[in-house]
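My notes follow in the order I took them.

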Amino acid sequence: MSEVAKAALETIDDHHAVLPKGIMLAGSGAHLRAKDTPKEPREYVFRLAARRRIQGNVIPGFNKDHQQFLFFRMGDVHRARRWLVAIRPSISSMEEVLTFVRAHRALRLSRGEAEPGLKATWVNIAFSSGAISALLGPEQSSVFGDQSFRQGLAARSTYLGDPTDKSHPGHRANWVVGSPGNEADILLIVAGDDAGDLEDMVSSLRADAVDHDLQLLFEQRGDTLPGGLRGHEHFGFKDGISQPGVRGKVSTEPGDFITPRYLVPRFPGDQMPHLFARPGQPLVWPGQFLLGEPRQDPESFLARRPPATDFPKWARLGSYVVCRRLRQDVPAFWKFCAEGAAAAGVPVVEFASRLVGRWPSGAPLMRASTADDPVLAGDPFAANHFLFDDRTRPSPLRPIPGYPGDTHPHANADMLGVVCPHFSHIRKMNPRDSVTDLGKPADTLLRVILRRGIPYGPPVAGVKNPSRKLINRERGLMFLCYGATIEDQFEFVTRRWANSSAQPNSGGHDPVIGQRDDGGVRSRWLDFPTGSGARRFDLLHEWVVPTGGGYFFAPPIDAIDGVLASA
Amino acid sequence: MPLARFDTPGRLRDAPEGSTFYDEWSGFVRLLFGPDNPGAPDIDDPSRRLGGFYNPTTTDVAVVVNRDLIWIGFPRPLFVGDQSAFAAGDTRDRSDRTTGGQSTQVEYLEWRVVRRPHDNKITKVTFTTETPEYWSELHRVHPEVVLRLYRELLGNPSIEERDIAPEGFYEPLNDWNTRDGIIHYIVTSPPNTLGQAIGQARGSVAGVSYRDNYETPGGDMTAVDPRIRLDLKALARKNLWVTLRDPVGLYILGWDDMGWTKPDDSPVGNYWRVVRPASEPALPALRVEYEVPASEGFVVGDISIGGRPIEHGGQLAEHITVLIGGLAGTRA
């Protein structure tokens, strides 16, 4: 690795967001006062019974610093069923996680502390199609309408651009878990604030599973990166900033939304407060993530369409899960960036940031086009507030104690991708207001997913003079997402957008997660904007390699013992 | 300098060199473009007009944007349709060229499937983005060329002039372009025609203006119509004058056969063949065939896409992108 790349990598943790002081943000499910909210649209109410059925990592998400993923294969089905009955009380619900989040917030408000010390350890569970077939019979698994789920990740691997050459480390035959013949039946996700508590819980769960003839195929620990890289992925960039806001309410009380709403109308009849929870966070009907709930209308940002019905009745309020273990070659990424930056005549961190679409701190290029802006990155109402195709207008917010308002420069139109290139990761994965190969921007709301990933392995970014041994340690991302389909959400954005040079808009492949395989040739390209026009870069090496995973289904909690264990 | 003449789609040279057809075609397209269409009043300052649509053969614009308008070839109304209404593995393609205007292939990509009689497996799929206007105009000037091309493209020397022009003038819905073959678009509701595409582009700048795409109304369910309409309207919002790029036409931009596998699960070879234009560059194309060479020992219907056997032409169309070229610039 060149000295330029090494220097950039070693100092990348200087690019951490500067969090604002004194703002008390509402967490998920925060209760707003009625007078704070505009006239409400009719939205689904997640009543207590539903909140107790939905697994908590789907909504609102665990968001814990330490997580363990355990991949099991069932042995004797009768013993597996007994294990399911036993583990069911350990599964954390949406209600449990929401209650924790609200208590956490209440403590923050009363004590004025950012981290009031509440701790929890949670467990969620998901099943492969094969597991459902083994537990309930193939006629039950065949009722699931998502064909990709029924096929499994390994069968869809090359469709996602994974290597076709069996000697490639990313070929499915070489995966640590999920390769043909080594596919997990059950995925357990354990998450905790305290590493020790997590390990105790995992030990107990592991032993209990083995006692019930479950074979542990693989397990992976994930941890948020330490220090200034907290919330960042291994290349050094802040991750998980942009998530859809799930529509719906906790109760019928005014303002009691699952996703807190902050926008107020700019003028009479302004629809924006009904389209966005906070600036840049679009609201999406819950049926895009939970089976059997009202879904997004394909032609409208706001309207809903009736729930899907292509699943067994007991699966209502469940969600499909995609798990991908993605190995990251951090030195290779920064080596490419250093060489590219030299060729393009820009600083290396800027070059890397244009590949991502954000600066390492998380500040979007659309609002900080020439240099990182950690203060912008730390502003929760500004860091995700931008359009691509047109100038972004200010979004007035309801009064937020301690928040002075979004005073950062607003984003200008960048329809041609000169500032945030069309190939950049964030523009590929979320084209926002842009028209796509599927037409109107409302279609993009059909493609969004709930991301719940966490890094694994020791960081090398931000480490001064890393040893050869440290550099060579394996690291990456345990990518996890939830959606009401796998094919039309995760697979759609992966194959059609990240892996395409022309979709959703022409300019090159996603240089971060894009995968290509043309008869074993795995090169990608991008047209990097420079002052004198676009310059073509060929990406001959890979820095994200799939190394395992699976397609699963996270059932409603009562179905674990009531259906899956009772046949 | 304004454009001297509209060229034929794909710069086709079907007519003999020096034929009047080329000028006549240009004149035909010029009529479809019509006069410049002024832009809409700015929503925030109605005294000011935004960029309009221009006819490049009459109006000089300094082009600053070369915009590829790209969409998927499979019909979006079916793509986003309720999956629970369809059986597993059904690509929702029930189109059939014998039904003419009732076809579902509404994204300016039409295709025809050839199947093996004894087991109904697909042996060949032909895709086209050619317009009925081109063939009608060509027939008007050179009926003998049209007849020759029908025979060549469909591999059938027995096709006669009366088959394609039974009343003495060209019939776009003749049997060799519907029941028995595919030459150009036939979908009529909404029509896949060059005039419709140009009209969509021309009309994009008119009417109410918006500040951004979140303000635009829903409208068409297709992918192509919002792609043309909203993208050009967004460019016009930047005070740019917009038009379609010469040679004006609808094109197959490319395909993605990643994850397509042979019966032995190995990746497929390159079985695509660009038929029109025959000259380089092959892409973007107007007519493409997908057929496995006999030496491979299997047929298209034996190929799987992401582990799913090919049973419908629509499964291929999902992985084809269609293009119309846009331009935008400043007017003196």
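Predicted model: local features only at pLDDT ≥ 70, side-chain atom pairs only at ≥ 80, totals over all residues.

I started with helix 6 of chain B and listed its buried residues: B:Leu194, B:Gln196, B:Ala197, B:Ile198, B:Gln200, B:Ala201 and B:Arg202. That is 7 of the 10 residues in the helix, which spans 194-203, and I noted the helix as mostly covered. I then looked up what covers these buried residues. The cover includes helix 1 (21-33), helix 3 (132-141) and helix 7 (224-237) of chain B, along with strand 4 (241-244) and strand 11 (320-331) of chain B.

The predictor gives the complex an ipTM of 0.95 and a pTM of 0.95. For chain B I read an average pLDDT of 92, with 93% of the residues scoring at least 70. Residues 84-95 of chain B have a pLDDT below 50, and this stretch has 23 contacts in the model beyond near neighbours in sequence.

Next I looked at the cores. The largest nonpolar core has 226 residues, and those with the most contacts inside it are A:Phe72, A:Leu187, A:Leu188, A:Val321, A:Cys337, B:Val242 and B:Val322. A second, separate core has 10 residues, among them B:Val146, B:Tyr150, B:Leu153 and B:Ile183. Leaving out residues up to four places away in sequence, B:Val322 touches B:Trp71, B:Gly73, B:Glu107, B:Tyr108, B:Leu109, B:Thr129, B:Leu250, B:Tyr251, B:Ile252 and B:Leu253.

B:Tyr108 made me stop. Its phi is near 60°, a positive value in a residue other than glycine. Most residues other than glycine have a negative phi. I found B:Tyr108 in the loop between helix 2 (76-79) and strand 2 (110-115) of chain B. Is B:Tyr108 buried or exposed? I count B:Tyr108 as buried, because 30 other C-beta atoms lie within 10 Å.

A:Asn465 also has a positive phi, near 45°. A:Asn465 lies in the loop between strand 12 (454-456) and helix 15 (468-472) of chain A. With 7 other C-beta atoms within 10 Å, A:Asn465 is exposed.

I checked peptide bonds too. The bond from A:Ile59 to A:Pro60 is cis, with omega near 5°, and A:Pro60 is in the loop between helix 2 (48-53) and strand 1 (66-74) of chain A. In chain B, a cis peptide bond joins B:Arg276 and B:Pro277, with omega about 0°. I located B:Pro277 in the loop between strand 7 (272-276) and strand 8 (287-290) of chain B.

Then I turned to a helix pair in chain A. The axes of helix 11 (residues 330-344) and helix 12 (residues 348-356) of chain A come within 8 Å and cross at roughly 105°. I therefore wrote down helix 11 of chain A as roughly perpendicular to helix 12 of chain A. Helix 11 of chain A contributes A:Cys337, A:Ala338, A:Gly340, A:Ala341 and A:Ala344 to the contact, and helix 12 of chain A contributes A:Val348, A:Phe351 and A:Ala352.

Last, I looked at where the chains meet. The contact takes 41 residues from chain A and 36 residues from chain B. Helix 7 (147-151) and helix 8 (153-156) of chain A each supply at least two residues of the chain A side. That side has 16 nonpolar, 13 polar and 12 charged residues.

Conventions:
Residues numbered from 1 in each chain as written. Chains lettered and ligands numbered in written order. Contact = placed C-beta atoms within 7 Å. Helix = DSSP H or I, 4+ residues; strand = E, 2+ residues; numbered from the N terminus. Nonpolar A, V, L, I, M, F, W, Y, C, P; charged D, E, K, R; others polar. Axes fitted to C-alpha atoms, helices over the stretch in contact; angles between N-to-C directions. Parallel < 35°, antiparallel > 145°, perpendicular 65-115°, else oblique. pLDDT = per-residue confidence, 0-100. Core = buried A, V, L, I, M, F, W, Y, C linked by C-beta atoms within 7 Å. Buried ≥ 20, exposed ≤ 12 C-beta atoms within 10 Å, placed from the backbone.
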